[in-house]
Amino acid sequence: MKSGCLFSICAFLLIIQQVSAACTPDPVDKSKTCTAYCVWYTCPGLKHTKRACPADFESDCKAQTESIKFINSKNSFDLEYFSSKENVTYISGCSDAGAEGYSCMKNKTLAFEDKTEGKVGTDICFQNGEPCDSATETTANSAGSETTTPVSGSTEQNGALKLIGILAFGWMLLSAAWIQ
C-alpha cells in the first residue's frame, strides 16, 4: 500500500513538471532556463536578435519604456509585436515542452517578418495569433486618451496553476485515505 502512495506522489510530480512551461534560450548551452516562455527580441543597442527570458528583454531594452509598458499590458507569453517608433520587436509563444522551443520560435519569427515586410512606420501586434490593434492603441495613448487594459495571460496561467495545485492536493488526500 505504501508503494501505491509513493507511486501517486511520483506521478503527480511528473505531471506537474510536464504541465509547467519552461524554455531554454540556447539549445546548445542548457545552463540557463526561463521559468515560462522564451522570447526573441531586438531593440536599439542590441547588435542582433536575442533569444532569452522575458525579464532579460526588460533589462536589455529598459530605455524603450513605451514598448515595455505595452507588452506588459498584453499576454506577453504569446505575443508578436513591433513598434516602429522605438524600433522594438518582441516575439514569444513557444516553450520547450511539446513545442520544440527553438524551431517553434524560429518559424514564428520568420512568419512575423513576412507579416511586417514593407510596413514602414506601422506598429504591429498579434496576441494569441489574433491582431491586437496596437497601432490604434499606441495612437490613442500618445494623444492622451484612456484605453482599457486587457487581462494579462499571466493571471490566467496563475489561475490554472492554482487549480492544478488544488486537484493535486485532493489527489494526495484521496491516495492517503485509500492506503489507510
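Phe77 is buried, with a relative accessible area of 18%. Buried here means under 20% relative accessible area, exposed means over 50%, and partly exposed lies in between (1.4 Å probe, protein chains only). The model is predicted: local features need pLDDT of at least 70, side-chain atom pairs count only at pLDDT 80 or more, and totals for chains, interfaces and linings use all residues. Residues are numbered from 1 along each chain as its sequence is written, and side-chain values use heavy atoms, with hydrogens and water left out.

Aromatic pairs were examined next. Rings of Phe, Tyr and Trp (its six-membered ring) pair if their centres lie within 6.5 Å; planes under 30 degrees apart are stacked, over 60 edge-to-face, and the rest tilted. By this rule there are 4 aromatic pairs. Tyr37 and Phe77 make a tilted pair, with 5.7 Å from centre to centre and 45° between the planes. Tyr37 lies in the loop between α1 (2–19) and β1, and Phe77 in the loop between α3 and β3, so the pair ties together parts 40 residues apart in sequence. Helices (H or I, at least four residues) and strands (E, at least two) are DSSP runs, numbered from the N terminus. Tyr37 is partly exposed, at 22% relative accessible area. The ring centres of Phe57 and Tyr90 are 4.9 Å apart and their planes stand at 65°, so this pair is edge-to-face. Phe57 belongs to helix α2 and Tyr90 to strand β4, so parts 33 residues apart in sequence are tied together. Tyr41, Phe57 and Tyr90 form one aromatic cluster.

The structure holds 2 disulfides (cysteine sulfur atoms within 2.5 Å). In one, the sulfur atoms of Cys43 and Cys61 are 2.0 Å apart. The link is left-handed, with -85° about the S-S bond. Cys43 lies in the loop between β1 (38–42) and β2 (50–52), and Cys61 in the loop between α2 (54–60) and α3 (65–72), so the pair ties together parts 18 residues apart in sequence. Cys125 and Cys132 form a disulfide with sulfur atoms 1.8 Å apart. Both Cys125 and Cys132 are buried.
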